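The sequence and structure are shown first.

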Amino acid sequence: MVGVAMQDENLNPTGGVATRPPWLQVLAAVVILAIGLALGTFLLYNLVTDVSLWVFGRQATGKVLSLWVEPVGDAQEGELSFHYYMEYQYETPGGRRITKTTRLDVREWGALNEGGPVRIVYFPLVPSHSRLEESRFLPALACAYVPLAVVTWALLGVALYLMKPVTGHRWWFASRKND
């Protein structure tokens, strides 16, 4: 096959390597950016909710008003499971009584008794913002946010990286050494 030039489908007519169309790159960047922003919003909302209790929360002892179980699924199909609930009430130092309902793990639910005490933590500025006291889980809960934050920043970085060649914009984190 000497003298026969082979054509490569990746070559454009000028002999250079073909690139992706700019609109495809922008579309990919916009989709990745939307996913990153959605994950970031989810992360920020949950982090603010948890930090308000971790940092500013006040502990109180509440009273278990009722415990109940609700079946979920269809027993005939063999898909039956259960959700465990507790209704509790606590009082703020100002004398305000707050009643809340929460879903529990079966082990937590089994350790409680109606009329018995339950430890909770609430946010003093919004006393109805409360949950069961989970200080024993605090390191694990705090570390759960680290991978989500890393993935969020990576998605946003990839989106900005994909937009740069198309827009020609120099982002604030871009190095000036390559110019």
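## Surface exposure and the nonpolar patch

A residue is called buried under 20% relative accessible area, exposed over 50%, and partly exposed in between. By these limits Leu 27, with a relative accessible area of 45%, is partly exposed. The model discussed here is predicted.

Leu 27 lies in helix α1. Together with Trp 23, Leu 24, Val 31 and Ile 35, Leu 27 makes a nonpolar surface patch of about 500 Å².

## Model confidence

The protein chain has an average pLDDT of 79, and 76% of the residues score at least 70. Confidence is highest in strand β2 (residues 81-91), at a mean of 92, and lowest in helix α3 (residues 138-167), at 80.

Over residues 1-8, pLDDT stays under 50, and the model has zero contacts beyond four places in sequence for this segment. Where pLDDT is low, the predicted coordinates should not be read in detail.

Beyond its neighbours within four places in sequence, Leu 43 contacts Tyr 145, Leu 148, Ala 149 and Thr 152.

## The largest nonpolar core

The largest nonpolar core comprises 13 residues, and Met 86, Leu 112, Val 118 and Ile 120 have the most contacts inside it. At least two residues of this core come from each of β1 (58-72), β2, β3 (97-104) and β4 (117-123).

Apart from neighbours within four places in sequence, Ile 120 is in contact with several residues, among them Ala 60, Tyr 88, Tyr 90 and Leu 132. Its partners also include Arg 58, Arg 131 and Glu 133.

## Salt bridges

The structure contains four salt bridges. One of them joins Arg 119 to Glu 133, with the closest N and O atoms 3.2 Å apart. This pair links distant parts of the chain, with Arg 119 in strand β4 and Glu 133 in the loop between β5 (126-132) and α3, 14 residues apart. Arg 119 is partly exposed at 46% relative accessible area, whereas Glu 133 counts as buried at 12%.

Glu 91 and Arg 97 form another salt bridge, their closest N and O atoms being 3.6 Å apart. Here Glu 91 is partly exposed, at 42%, and Arg 97 is exposed, at 57%. Arg 107 and Asp 105 also meet in a salt bridge, at 2.9 Å from N to O; Arg 107 is exposed at 65%, and Asp 105 is partly exposed at 33%.

Methods: Residues are numbered from 1 along each chain as its sequence is written. This is a predicted model: local features need pLDDT of at least 70, side-chain atom pairs count only at pLDDT 80 or more; totals for chains, interfaces and linings use all residues. Side-chain values use heavy atoms; hydrogens and water are left out. Contact means heavy atoms within 4.5 Å. Patches are made of residues with over 30% relative accessible area and no salt bridge: like charges are joined within 9 Å, nonpolar side chains (Val, Leu, Ile, Met, Phe, Trp, Tyr) within 5 Å. Accessible areas come from the Shrake-Rupley method with a 1.4 Å probe; for residues, only the protein chains shown count as cover. A salt bridge is a side-chain nitrogen of Lys or Arg within 4 Å of a carboxyl oxygen of Asp or Glu. Helices (H or I, at least four residues) and strands (E, at least two) are DSSP runs, numbered from the N terminus. Buried means under 20% relative accessible area, exposed over 50%, partly exposed in between (1.4 Å probe, protein chains only). pLDDT is the predictor's confidence in each residue, from 0 to 100. A nonpolar core is a set of buried Ala, Val, Leu, Ile, Met, Phe, Trp, Tyr and Cys residues joined through side-chain atoms within 4.5 Å.
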